[in-house]
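Please read the following report alongside the sequence and the coordinates.

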Amino acid sequence: MHAVKNSWSVRELKRAISSALYERTGLSTDKAAVLAGHAGAQPLVVADVVKNPYVLEFLGLAERASYSESDLETAIITHLQTFLVELGRGFCFEARQKRITFDNEHYFIDLVFYHRILKCHVLVDLKIGTFSHADAGQINVYLNYYREQEMTEGDNLPVGLILCAQKNDTLVRYHRHG
């Protein structure tokens with residue numbers, strides 16, 4: 001029950017099993033303290049709360065020969081509540097097509113969320129094709145902008161998510177930060 005309620009990752013669930021959390025909670029007179037101790041045992045990291053892969057069949061996109069990133073974004077906004085559930089616990093919607101400007105040239109971040117547990121912005125770039133190094137470069141520009149212009153006191157570094165149809169694991173590994 002706690003695994004589902006708290007959107008535990010596989011690693012978090014394994015830690016709960018190996019530390020006999022179920023038994024310790026059942027035997028304790030202060031169950032909330034035991035659960036709180038488990039939750040605070042290790043600080044959360046992005047990998048604990050960000051899923052891979054995301055399954056978006058709930059968008060109900062009809063079969064077509066091709067889609068645009070705008071089609072995907074519109075479907076996500078239409079089904080925002082379900083998309084937030086798929087993302088996991090703690091995501092709060094902040095913006096769609098967030099405009100940032102450099103020397104009078106405008107760029108648009110597809111979706112912006114704030115993760116209330118990680119205390120950071122999550123920038124989502126939607127790609128209908130296969131992940132490329134250009135995608136990683138684009139999201140890094142957005143992340144650097146957020147680090148310098150949008151972070152406030154108490155925020156952790158922003159996180160970038162590129163939702164794409166396919167990826168090359170080796171290419172992704174060499175573009176991963178942190």
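This is a predicted model: local features need pLDDT of at least 70, side-chain atom pairs count only at pLDDT 80 or more; totals for chains, interfaces and linings use all residues.

Residues are numbered from 1 along each chain as its sequence is written, and side-chain values use heavy atoms, with hydrogens and water left out.

**Strands and hairpins**

Helices (H or I, at least four residues) and strands (E, at least two) are DSSP runs numbered from the N terminus, and two strands are said to pair if DSSP finds at least two bridges between them. Strand S2 (residues 105–115) pairs with strand S1 (residues 91–102) and also with S3, as the table sets out.

| Pair | Sense and bridges | Residues between | Turn residue with positive phi |
|---|---|---|---|
| S1 and S2 | antiparallel, 10 bridges | two residues | Asp103, about 45° |
| S2 and S3 | antiparallel, five bridges | four residues | Lys119, about 55° |

Each of these pairs forms a hairpin.

**Nonpolar cores**

A nonpolar core is a set of buried Ala, Val, Leu, Ile, Met, Phe, Trp, Tyr and Cys residues joined through side-chain atoms within 4.5 Å. The largest such core has 16 residues, of which Ile76, Phe83, Leu111, Phe113, Val122, Val124 and Leu126 touch the most other members. Two or more residues are given to this core by each of helix H6 (69–78), helix H7 (80–87), S2, S3 and strand S4 (159–163), and S3 supplies the largest share, four residues. Another core, of 10 residues, lies apart from this one and has Ala95, Leu123, Tyr142 and Tyr146 among its members.

Taking contact to mean heavy atoms within 4.5 Å, and not counting residues up to four places away in sequence, Val124 touches Ile109, Asp110, Leu111, Phe113, Leu161 and Leu163.

**Asp125 and the cysteines**

Asp125 is found in strand S3 (residues 120–126). With the same exclusion of residues up to four places away in sequence, Asp125 touches Asp110, Gln138, Ile139, Leu161, Ile162 and Leu163. Relative accessible area is classed as buried under 20%, exposed over 50% and partly exposed in between (1.4 Å probe, protein chains only); Asp125, at 2% relative accessibility, therefore counts as buried.

Cys92, with a relative accessible area of 33%, is partly exposed, and Cys164, at 25%, also counts as partly exposed. If a disulfide is a pair of cysteine sulfur atoms within 2.5 Å, the count comes to zero disulfides.
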